[in-house]
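Colleague: I've just opened this one. Can you walk me through it?

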Amino acid sequence: MLAGNKDTIVRSIIREKGKAPCLILYSDSQLEDLKHMCCSGLSIVGVDKTFNLCDMHVTVTCYKQIAVVMEKTKEPPIFMGPIYIHDNSDFDIFSNFFNHLRVKLIDADTEQLFFGTDEEAGLVKSIKTAFPESGHILCIRHLKGNIKQKMIDDGIDKKDRESVLDSIFGDQGLVHSDDDICFDVKCEQIEDRTKELSASFHRYFATRVARTIRDLWEGTTPPGYFDKGWTNNNSESLNHVLKSAINWQSKPLLDLIVIIEEIVETQFKDLQRALVSRGQYRVADSHKHFEITATSWVNKTVQERERLTKRFKSYIPPDKRVITSTDGMMNVIKPRALGKKIGQRKRKINERTTTFKKKKD
């Protein structure tokens, strides 16, 4: 009944023998944002499973809506993406969700799409299977935390724990290796060190951690991933919003769906209101040319407003790192210096070179 209502965000109900039904929720606007924004590499899709929203698990996706900023913080708001309500949390169950999204994004270029998760095996495997051409990154905070907790469980003292973590994540650590040789040497050094500390942790590092970090190091990752470290704080922030909306009390499934619908609808209404500088968002600098006055908005027809909103939401700002050749046939990464001297601020053609005369003795 839910999926048959054209106005509901319930897009699919999956029934399998012996398992509770799974629900896939999203609006047209959420799917459009995935295509235009996330598939263009402008925002990472965070995926996180949360508990105690209802009697089932709720896996929430989220992304940064870079077309606007929060009026108070001047930071892009975190928008809710497609949501999956499910019982089990194995590869088969998660695959239903991501295979569904794969079909809906079939016409989009997903090579620049990035998913960010924790280390839940079934979740990670289902994403990589459904989107083999897309990027996948792990939450650095969770990765560090899991390694640290394993060392605590194995009785490794604090000083040695900090030393091992620095050898992996520090400025000269494994994740910052310059090439394959450096990576192998540093990995061998860490293995030798962990062998002295704990046989159990040594096996854990050699069979799991080293392989996980190598996959991340060799794979395509967003700029600054290892330097700044991506975390799923955005997902957890959105989970907090959901739990606040239900007043921290588990809700019946149908009530939860209504609450989710209201949150999604409010986010996109506020996104539109930003065009006339109203509501909690303001148009980002990259989208300023879409901003109009409230009077201009009122004087437009319904169709004109819809076209403006659609262009606003689908606009992809040009990549400032890329420059186009004069014939428009080639795009290349812009050199950082652009042929200028150190400290030079004027155009090269206007910059004079000053030669200082030697003083006579």
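Modeller: Start with the term pairing: two strands pair if DSSP finds at least two bridges between them. Helices (H or I, at least four residues) and strands (E, at least two) are DSSP runs, numbered from the N terminus. This is a predicted model, so local features need pLDDT of at least 70 and side-chain atom pairs 80 or more, while totals for chains, interfaces and linings use all residues. Residues count from 1 along each chain as its sequence is written, and side-chain values use heavy atoms, leaving out hydrogens and water.

Colleague: OK. What order do the seven strands of the open sheet have?

Modeller: The order is 1-2-6-4-3-7-8, and the pairing is mixed.

Colleague: Which are the edge strands?

Modeller: Strand 1 (10-14) and strand 8 (135-138); each pairs on one side only. From one strand to the next, the twist averages 25 degrees.

Colleague: How many bridges join strand 1 to strand 2?

Modeller: Four, and the two strands run antiparallel. Strand 2 covers residues 22-25.

Colleague: Which helix lies across strand 1 and strand 2?

Modeller: Helix 2, residues 91-104. Helix 2 also lies across strand 3 (45-50), strand 4 (57-64), strand 6 (78-86) and strand 7 (114-117). Helix 2 runs at about 135 degrees to strand 6. Angles go from 0 to 180 degrees between N-to-C directions, using axes fitted to C-alpha atoms, for helices over the stretch in contact.

Colleague: Switching to helix pairs. At what angle do helix 4 and helix 5 pack?

Modeller: About 145 degrees, with their axes 10 Å apart. Helix 4 is residues 140-153. On its side, the contact (heavy atoms within 4.5 Å) uses I140, L143, K144, I147, K148, M151 and I152. Helix 5 brings R161, V164, L165, I168 and F169.

Colleague: How many of those are nonpolar, polar or charged?

Modeller: Nine nonpolar, no polar and three charged. Ala, Val, Leu, Ile, Met, Phe, Trp, Tyr, Cys and Pro count as nonpolar, Asp, Glu, Lys and Arg as charged, and the others, Gly among them, as polar.

Colleague: And how do helix 5 and helix 6 cross?

Modeller: At roughly 165 degrees, and their axes come within 11 Å. Helix 5 is residues 158-169 and helix 6 is residues 180-197. The two are therefore roughly antiparallel (over 145; under 35 is roughly parallel, 65 to 115 roughly perpendicular, the rest oblique). D160, V164, S167 and I168 of helix 5 meet I190, R193 and L197 of helix 6. That contact has four nonpolar residues, one polar and two charged.

Colleague: At what angle do helix 9 and helix 10 pack?

Modeller: Helix 9 (233-245) and helix 10 (253-273) pack at about 125 degrees, axes 10 Å apart. So helix 9 is oblique to helix 10. V241, L242 and A245 of helix 9 meet I259, I260 and I263 of helix 10. The contact has six nonpolar residues, no polar and no charged.

Colleague: Last topic, confidence. What is the mean pLDDT of the chain?

Modeller: It is 87, and 86% of the residues reach 70 or more. pLDDT is the predictor's confidence in each residue, from 0 to 100.

Colleague: Where does it stay under 50?

Modeller: Over residues 335-351. The model has eight contacts beyond four places in sequence for that stretch. Where pLDDT is low, the predicted coordinates should not be read in detail.
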